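Thanks for coming. I will go through one structure this morning, starting with the overall layout and ending with the chain contact. Please have the sequence and the structure open as I talk.

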Amino acid sequence: MSAAPEATGLTLVGLSKCFAGAVTAAVADLSLTLPTGTLTALLGPSGCGKSTTLNLVAGLLDPDAGDVRFDGRSALDVPPERRPVAMVAQKALLFPHLTVADNVGFGLRMRRVPRTERSRRVSEMLALVGLEGFGGRRVHQLSGGQEQRVALARALVTEPRVLLLDEPFSALDTELRAQMRLLVRDLQRRLAVTTLFVTHDLAEAVELADTVALMLGGRLEQHGPTRAFYERPATAGAARFFGATNLVPGTLCGTEFDTAVGTVTVGQDGPDGPGLLVLRPEVLRLTEGAGRHIVTGAVLRADYRGTHTVVTVSVPALARSARGDVDAGIVLQVTAPAGASVPVGSPVGVFIPPRAVSVVPPDPPGL
Amino acid sequence: MRRGIAVAAIVAGTLIPLLPLLVWAVAGSWRYPEVLPSRLTARGLRLLIDPQSEVLTGLGTSVVIGLAVTALALLVGVPAGRALGLYRFRGRRLVQFLLLAPAIVPGVAALLGTQVFFLRLGLADTVLGVVLVQLVPTVPYVTLVMSAAFGTYDVGYEAQARLLGAGPWRALTHVTLPALRPALAVAAFFAFLVSWSEYVLTLLIGGGVVKTLPLLLFSYARGSDLTEAAAVALLLVAPPLVLVALLARDLVPGRDARGPVIGLGRL
């Protein structure tokens, strides 16, 4: 079942939703295209509109504006039961009055699939999620992880074109969650179902997703391959969410970015003007002495994190600062090896690898 | 073991007071020094199946009214319970209080006004009028039970049902109602019981024209024939006991860990 590369499983066009009594829109002008068969993580802090977006896709909410399209066809007038979607939520929501097999077979029963075919597909699906022979169990006899497996089987058995996952594992403990991620990744690849996975967990998104759509405050901040969020974040918000703790203001001119602590060569060319230099802590390196691409300062603190040590370095502004704000030094966080010896107060150099850093537009005023 | 003793005690406590009734219903004559009646008769039992007597018609009237009241009380009380159990809205407490008020204030208190009102509407002395007035004490119970049930219910079940291909109607009949079955059974049971044993409201609104079993029982109890009165009393007691037996699974929390936690489950 190989889809043409341009095939779009799910398209959101200018989707907006504002709840009655709310000051700001829950989802504002969201446009997003998911190619068929891909897994996209809809990532963002709680309250950013991720779940609302999912409910709009499912048809459980009606958008104020915009369109939801499956394979290019608008679904605005299509009620949830006739949309080609299935959802697994944080709670498994297994029907308490039905057995495991009847829960999994519910969607097929609603579609009037004959009994024999139904039971065959149910057992196949239960085997796929690793619950072979659990069909006769009552729902309350399952553990939390098993419940989510059944929920996943129930969602997938109807062969939806789009699978919606709303933080499905956030109630499980760490080890179980890791297992479930693998299972989802495996099933998603095998069944090639277009998947939108809502999560607030950065690690989960990075581990699972082909592409990440980052939502902040109801808006789509950036959508692209996971790698892009680390190497070329689109906005300061995206950079921060992905752990770029150092954002240094300055002015871009060509490939040179001019800051209060010196000029840095960046991996992009323009657009010229004010911006923020994104310095990921793990890209920076502590050195001794000065030189090209090195800024010098003093160690403010060193925080041991087990696998590494986060060293905070205060870098004073260069005296030649033309803007007169001599005091406007910066503070950089640098990831150092766990065993690094960095006494507080000692002078240290920070190597900024050229071209491995990027520039984002400055935060809009008012933030 | 202790559970078994408790159950036996409850069953005995419920049934033993009924034994004299049972004996009276077949007693031809039962005078003071006798431990058991000296003479047995089938007169009381014959009365129950005699098509000429009012007892069978009374039974029919009671059943019809009971079922109608139960159905209507569920029709009103289930949506009300859903709103109270699921949603937080302005004035929720007031609505809750007003809905439960009839269960707190005796229905008789408002009865005179109701009677005038029903007379004007032509509902007095009719079965329909009796059904309507019996909603006053039954709707609060249904609402109370259902709001507790909906309090632990998740509308996510319905969303899931919809996304799995069920329209709104099938989501209701295949998911919502079955998931709430224990609570619905308890609510229906309460509504039927209240209606079944209702006397004062039936007497005043029915005006003695609508003769339910409790009304008949009172007239027999005032008469001199205790055998007949006991037989009618047995007829009045039997259906609720049968219902309890049928619904036992829903009335007490049992093997099903997620079974009912409402109704009598905590008593």
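Chain A has nine helices and 20 strands. Helices here are DSSP runs of H or I with at least four residues, strands are runs of E with at least two, and both are numbered from the N terminus. This is a predicted model, in which local features need pLDDT of at least 70 and side-chain atom pairs count only at pLDDT 80 or more, while totals for chains, interfaces and linings use all residues. Residues are numbered from 1 along each chain as its sequence is written, with chains lettered from A and ligands numbered from 1 in the order in which they are written.

The C-alpha trace of chain A spans about 80 × 45 × 45 Å along its principal axes. Of its 367 residues, 42% count as buried. Buried means that 20 or more other C-beta atoms lie within 10 Å of the residue's own; 12 or fewer is exposed, in between is partly exposed, and C-beta atoms are placed from the backbone. For contacts, the C-beta atoms of two residues, again placed from the backbone, must lie within 7 Å. Taking the contacts in chain A with a separation of 6 or more, 68% are between residues 24 or more positions apart.

Now the sheets. One open sheet in chain A has six strands in the order β6-β7-β8-β3-β9-β10, and its pairing is mixed. To count as paired, two strands need at least two DSSP bridges between them. At the edges stand β6 and β10 (219–225) of chain A, each with a single partner strand, so one side of each has no neighbour in the sheet. On average, neighbouring strands of this sheet are turned by 20 degrees against each other, direction ignored.

How is β3 of chain A placed, enclosed or open? All five of the five residues of strand β3 (residues 39–43) of chain A are buried, so the strand is largely enclosed by the rest of the structure. Both of its faces are covered: A:L39, A:A41 and A:L43 are buried on one side, A:T40 and A:L42 on the other. β3(A) pairs in the parallel sense with strand β8 (residues 194–199) of chain A, over five bridges, and with strand β9 (residues 211–216) of chain A, also parallel, over four bridges. A:L42 has A:V198 as its bridge partner in β8(A) and A:A213 as its bridge partner in β9(A).

Staying with β9(A), six bridges join it to β10(A), and these two run antiparallel. A:L216 has A:R219 as its bridge partner in β10(A).

One residue of strand β9 of chain A to look at is A:V212. A:V212 is buried, with 27 other C-beta atoms within 10 Å. Apart from neighbours within four places in sequence, A:V212 is in contact with A:A41, A:L43, A:A205, A:T226 and A:F229.

Next, helix α5. Its 13 residues, 144–156 of chain A, should span 18 Å at 1.5 Å a residue, and the end C-alpha atoms are 19 Å apart, which agrees. The expected span is 1.5 Å times one less than the number of residues. Of the 13 residues of α5(A), 12 are buried. The elements covering those buried residues include β6 (85–88), α4 (115–128), β7 (162–166) and α6 (174–191) of chain A. α5(A) packs on the six-stranded sheet, touching β6 and β7 of chain A, and its direction makes about 175 degrees with that of β6(A). Such angles run from 0 to 180 degrees between N-to-C directions, with axes fitted to C-alpha atoms, for helices over the stretch in contact.

There is also an open sheet of five strands in chain A, ordered β13-β12-β11-β14-β20, with antiparallel pairing. Its edge strands are β13 (262–265) and β20 (358–360) of chain A, each pairing on one side only. The twist averages 45 degrees from one strand to the next. Within it, strand β11 (residues 246–253) and strand β12 (residues 256–259) of chain A pair in the antiparallel sense over four bridges. A:C253 stands opposite A:E256 in β12(A).

Last, the chain contact. It takes 20 residues from chain A and 18 residues from chain B. On the chain B side, α8 (156–163) and α9 (168–179) each supply at least two residues, and α8(B) gives the largest share, six residues.
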